[in-house]
Amino acid sequence: MATLTSSELTNVAKEFGTPVYVYHAEKISEQYQKLTNAFKKCDAKIFYACKSLTNINILKHVLSLGASLDCVSINEVKLGLMAGFAKENILYTPNCVDFEEILEAKESGVNINIDNISILEQFGNKFAGSYPVCIRLNPHIMAGGNFKISTGHVDSKFGISIHQIRHIGRIVKTTGLHVTGIHMHTGSEIKDINVFLMGLSVMFGMSEHFPKLEYIDLGSGFKVPYQPGDPETDVDELGKKVAEAFAQHEKETGKKLQVWFEPGKYLVSQCGYLVVKANVIKQTPATVFVGVNSGFNHLIRPMMYEAYHHIENVSNPNGTPRIYTVVGNICETDTFAWDRTLTEVREGDLLVFYNAGAYGFEMASNFNSRLKPAEVLVKDGEAKLIRKRDVFEDLLKNQII
Ligand SMILES: *Cc1c(COP(=O)(O)O)cnc(C)c1O
């Protein structure tokens, strides 16, 4: 398994300072290989969900592996095109955007996934069958690690309900829309492959309404381990079952469909490390705090999703294990980990947060007028800066003085 060692991470911190995000290209390649291998018996196409980590150097690396790209905003589409992805290998899956943005995506020639009735109608009225579209459906399957990251439930804003299929049908018929794909994405961190298989069976049912269908997009939500003992979505088993289901469907209907996936976390979660420095050790009546030179402005997942990120003290790996509360320097409750056993932490030690590739830097902000960290890509044993650390002037860049 491709990992960066403590000494490699320490060297990056020495060279580029902290806090710093470090990404390991070989790990992304390894995850991509695992996926393509799992789905080799399907006619599958893998779209990297780039909202998880959009640095253009990461996009270029993913492109070099042969992946396509899933984008949720017009700016991601532009970044993808700039990175070199062909327009037919980009899928644009926006939610609640202005029709103007959809028009811009159409101008660029990428695949468009429409997720509400109003836009579907406007698109159909304007372009009829002249531009193919995909429709995002809500299969009403409750899934995912946490309500905040579930998107398939009845209260979700995403997709068009499968119960509105007759309404969709009327729009498609009256406008002559050319529907080549249907899509679902029920959430993140789904360990039970039956969620995908149930979704697929719903999608097969829906596919009867679209005679020109070419693909079914099953979205993503593949889970990777965040802590020892955590399960990972069994993509090999899923690949086997999906291949069987598509073969069966082809036998029954004579239709040969492609299957598309849009993994984010699966490809880039484990490739990433956030290296920070312990600023202060603070003993209180309740606990021992380690205050680090980062915060939820750099890695928001623990505060936002109660996510667990494994932490190691790479400066004192053989120290006595002690229990700490690891917190950031933001003036608000800013906890990375409660009651976490770490080898003894001294002021100045380097701590590493694991699984920091997906939704780490991407969700960073300048809250408290603090600067965003640098990003470094390690490839073939060589560490390269791929984003400069913010400087003070960046805070004022768009302010009118
Ligand atoms: C966020 C998102 C993904 C990726 O989800 P992961 O859990 O990171 O794999 C895929 N498709 C769509 C439409 C998304 O919004």
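The legends below describe close-up views of a predicted model.

**View 1. Burial of strand S1, residues 20–24.** Strand S1 is largely enclosed by the rest of the structure, because five of its five residues are buried. In a regular strand the side chains alternate between the two faces of the sheet. Both faces of S1 are covered: Val20, Val22 and His24 are buried on one side, and Tyr21 and Tyr23 are buried on the other.

**View 2. Pairing of S1 with strands S17 and S11.** With S17 (residues 374–379), S1 pairs in the parallel sense over five bridges; here Val20 stands opposite Ala374. With S11 (residues 272–283), the pairing of S1 is antiparallel and runs over four bridges. Leu274 in S11 is the bridge partner of Tyr21.

View 3. Domain 1 contributes 21 residues to the contact and domain 2 contributes 19 residues. The size of an interface is often given as the accessible area lost when the parts come together. Between domain 1 and domain 2 the buried area is about 1,900 Å², with carbon and sulfur atoms giving 49% of it.

**View 4. Polar interactions between domain 1 and domain 2.** Eight residue pairs are in polar contact between the domains, both residues being at pLDDT 80 or more. The count of salt bridges between the domains is one. On the side of domain 1 that touches domain 2, helices H2 (25–38), H3 (56–65) and H10 (265–268) each supply at least two residues. The largest share of that side, three residues, comes from H3.

Methods. Residues numbered from 1 in each chain as written. Predicted model: local features only at pLDDT ≥ 70, side-chain atom pairs only at ≥ 80, totals over all residues. Heavy atoms only, no water. Buried < 20%, exposed > 50% of the residue type's maximum accessible area, 1.4 Å probe, protein only. Pairing = 2+ DSSP bridges. Contact = heavy atoms within 4.5 Å. Buried area = accessible area lost by both parts, 1.4 Å probe. Salt bridge = Lys/Arg side-chain N within 4 Å of Asp/Glu carboxyl O. Polar contact = N/O pair within 3.5 Å; in protein donor to acceptor, adjacent residues only side chain to side chain.
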